[in-house]
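Here is a brief report on one structure. Keep the sequence and the 3D view open while reading.

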Amino acid sequence: MKINTLLSMFAPKDVKFLPMLAETASILAQSSIYLQELFTSEDKERRDELCRLIKAEEVKGDIVTGSIIRELNNTFITPFDREDVHALADIMDDVIDVINRCAQKVLLYQPHAFPMHTASLVEIIKKGSDEILNAANELSNMKKTDFRLRAHCKEIKRLEEEADAVYEEAIMCLFKEEKSTVELIKLKEIIQELEKAVNKINSTGKVITTILVKYA
Amino acid sequence: MKINTLLSMFAPKDVKFLPMLAETASILAQSSIYLQELFTSEDKERRDELCRLIKAEEVKGDIVTGSIIRELNNTFITPFDREDVHALADIMDDVIDVINRCAQKVLLYQPHAFPMHTASLVEIIKKGSDEILNAANELSNMKKTDFRLRAHCKEIKRLEEEADAVYEEAIMCLFKEEKSTVELIKLKEIIQELEKAVNKINSTGKVITTILVKYA
Amino acid sequence: MKINTLLSMFAPKDVKFLPMLAETASILAQSSIYLQELFTSEDKERRDELCRLIKAEEVKGDIVTGSIIRELNNTFITPFDREDVHALADIMDDVIDVINRCAQKVLLYQPHAFPMHTASLVEIIKKGSDEILNAANELSNMKKTDFRLRAHCKEIKRLEEEADAVYEEAIMCLFKEEKSTVELIKLKEIIQELEKAVNKINSTGKVITTILVKYA
């Protein structure tokens, strides 16, 4: 007998975690929209404002994640296992944190210009965040929409592979073309942070896949 | 019915974890005292000795954390949930590890001089570690001293915000003023490691807050 | 009464996790063999091929780890606690990931030459991976071979201490001898990644020690 089947006998109809997880996902999606504008806007003042907006989303994300953890501690059985809600909330919060770190590094380092591949990387981050948002909104109806959830996870995986190639191009170009070592140091760190955001998005896809395999 | 209420019916009066957690906290506090001296002492020999002393504290921390984990595996119910003891021991051990990494990088890189903001950062690390030590010593009396515990956690959060601003200043000054790229590379890594220490101290505050919300 | 003794009353003879953990360990050992060749081969084409081979091992590792996690979710009691199987699978997967990251950085950065200490570091990684493989193969017979398991864990710890000294030498030489700042940036990152691999191998040793203390 599977443990999940065993637990499901006691499972109440408590689904308050799903809207909370969806809220985290929408904070993440908003962060990624700001990030994309940050890396493509020419307006210095707007860019500083975008860094503040991203920071504000990160604070919001912390608050929602905190509420999820607190609620988990007060609830015996959840719509899906406690540990899965925790893992999903945590990993989405990680994506938001890394996006915020990218933005703060841009604000702090003030690089002269962005190398050509950063725009592609932030576009991938934006698309991946949208896939997460769509997936989070379908968790409540998992048994009926599992094929759509699977498609979101597959697309996240594809985006990560695309990002890998872009990241490699970006770093190779940087070492080839950047003449100022100080600019190279700054931009390498920003590009590596963008790649970390993609990796965290990919980890989120894996957590959703695990949930799918267990419950759908 | 809350799960904690449920569990508390079985909770024995086993409180051996509290002195062990307090011991980890005092190792951490000692590390932070050495770190502060390391970043402010002019005496090269004393500085090398301080790096060794910090490493010795890190080894001690590993041993105590190991004992906590082993004891957890042999104990059915703990004064507060097994996972919370584990989380608190782990995160304090992380702070000690990062402090040790800072010290080893100073020893290894032998930077010519410390930029002006590092002294402020290590002072914040020292203060944060003291708050953790005070909080750890009050865990055994949580229900009566929850207002004091809350104050320690709030102060840790405030220190982290203060450190954020100092860190940004430190990095901006470094890029503006350091003429040697090699020195810049070394000092940037040391400053980033100090900031990580502050972040881990802040995470410790969050774990204590979670424990407070659950049990106080 | 110890919780493990309690649980063991219900423990089935389900040992399918042991071959899966051993498989992960052998993927890790193979990665480390390729890594060592990568850092010692003079043939550029062979080196590019080795990076691809390491990547392929990393993909295999992901698949096996995924299977372990999925099986864990479908199994009530495991030969040793669910959390220990999870921890061991995860940490071995981490080593494989870091080895892959080393290789991809070599491929990406194409440093002009490896500093003299990298060969020693990869040799330590190779030896540590072999110790893990041997330990994984003895888990099924833990009660009889606990002295051998203990010896593997001790040797892993010794290797980590050896690597610490080599790492420090490597970084000091690099800062002293490398004249090109760009090469210094590249090689420092590769050496730091190699050191991370050693740290993850050491963490694997700690997880195995925990299992030993609990069950042997």
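This is a predicted model: local features need pLDDT of at least 70, side-chain atom pairs count only at pLDDT 80 or more; totals for chains, interfaces and linings use all residues.

Leaving aside its neighbours within four places in sequence, which residues is C:L35 in contact with?

C:L35 touches C:I54, C:I99, C:C102, C:A103, C:V122 and C:I125, once its neighbours within four places in sequence are left out.

C:L35 also belongs to the largest nonpolar core, a set of 174 residues. Inside that core, the residues with the most contacts are A:L35, B:L35 and C:L35.

## Two packed helices in chain A

Two packed helices are described by the angle between their axes and the distance between the axes. For α2 (residues 17-40) and α4 (residues 82-109) of chain A, the angle is about 20° and the axes lie 10 Å apart. An angle under 35 degrees counts as roughly parallel, so α2(A) is roughly parallel to α4(A). Their crossing is left-handed.

The α2(A) side of this contact includes A:F17, A:L21, A:L28, A:L35 and A:L38. The α4(A) side includes A:V85, A:M92, A:D93, A:I99 and A:V106. By class, the contact of α2(A) with α4(A) divides into 17 nonpolar residues, three polar and one charged.

## Where chain A touches chain C

Chain A gives eleven residues to this contact, and chain C gives nine. On the chain A side, α6 (142-177) and α7 (181-215) each supply at least two residues. The largest share comes from α7(A), with five residues.

Six residues on the side of chain A that touches chain C are nonpolar, two are polar and three are charged.

## Where chain B touches chain C

Here nine residues come from chain B and eleven from chain C. Two helices of chain B, α3 (44-73) and α7 (181-215), each supply at least two residues of the side that touches chain C. That side of chain B has five nonpolar residues, three polar and one charged.

## A residue in helix α6 of chain B

A buried residue would need 20 or more, and an exposed one 12 or fewer.

B:F175 lies in helix α6 of chain B, residues 146-177. B:M116 is 59 residues from B:F175 along the chain, and their C-alpha atoms are separated by 13 Å.

Terms used. Residues are numbered from 1 along each chain as its sequence is written. Chains are lettered from A and ligands numbered from 1 in the order in which they are written. Helices (H or I, at least four residues) and strands (E, at least two) are DSSP runs, numbered from the N terminus. Two residues are in contact if their C-beta atoms, placed from the backbone, lie within 7 Å. Ala, Val, Leu, Ile, Met, Phe, Trp, Tyr, Cys and Pro count as nonpolar, Asp, Glu, Lys and Arg as charged, and the others, Gly among them, as polar. A nonpolar core is a set of buried Ala, Val, Leu, Ile, Met, Phe, Trp, Tyr and Cys residues joined through C-beta atoms within 7 Å. A residue is buried if 20 or more other C-beta atoms lie within 10 Å of its own, exposed if 12 or fewer, and partly exposed in between; C-beta atoms are placed from the backbone. Axes are lines fitted to C-alpha atoms, for helices over the stretch in contact, and angles run from 0 to 180 degrees between N-to-C directions. Angles under 35 degrees count as roughly parallel, over 145 as roughly antiparallel, 65 to 115 as roughly perpendicular and the rest as oblique. A crossing is left-handed if the near helix is turned anticlockwise from the far one by less than a right angle, and right-handed if clockwise.
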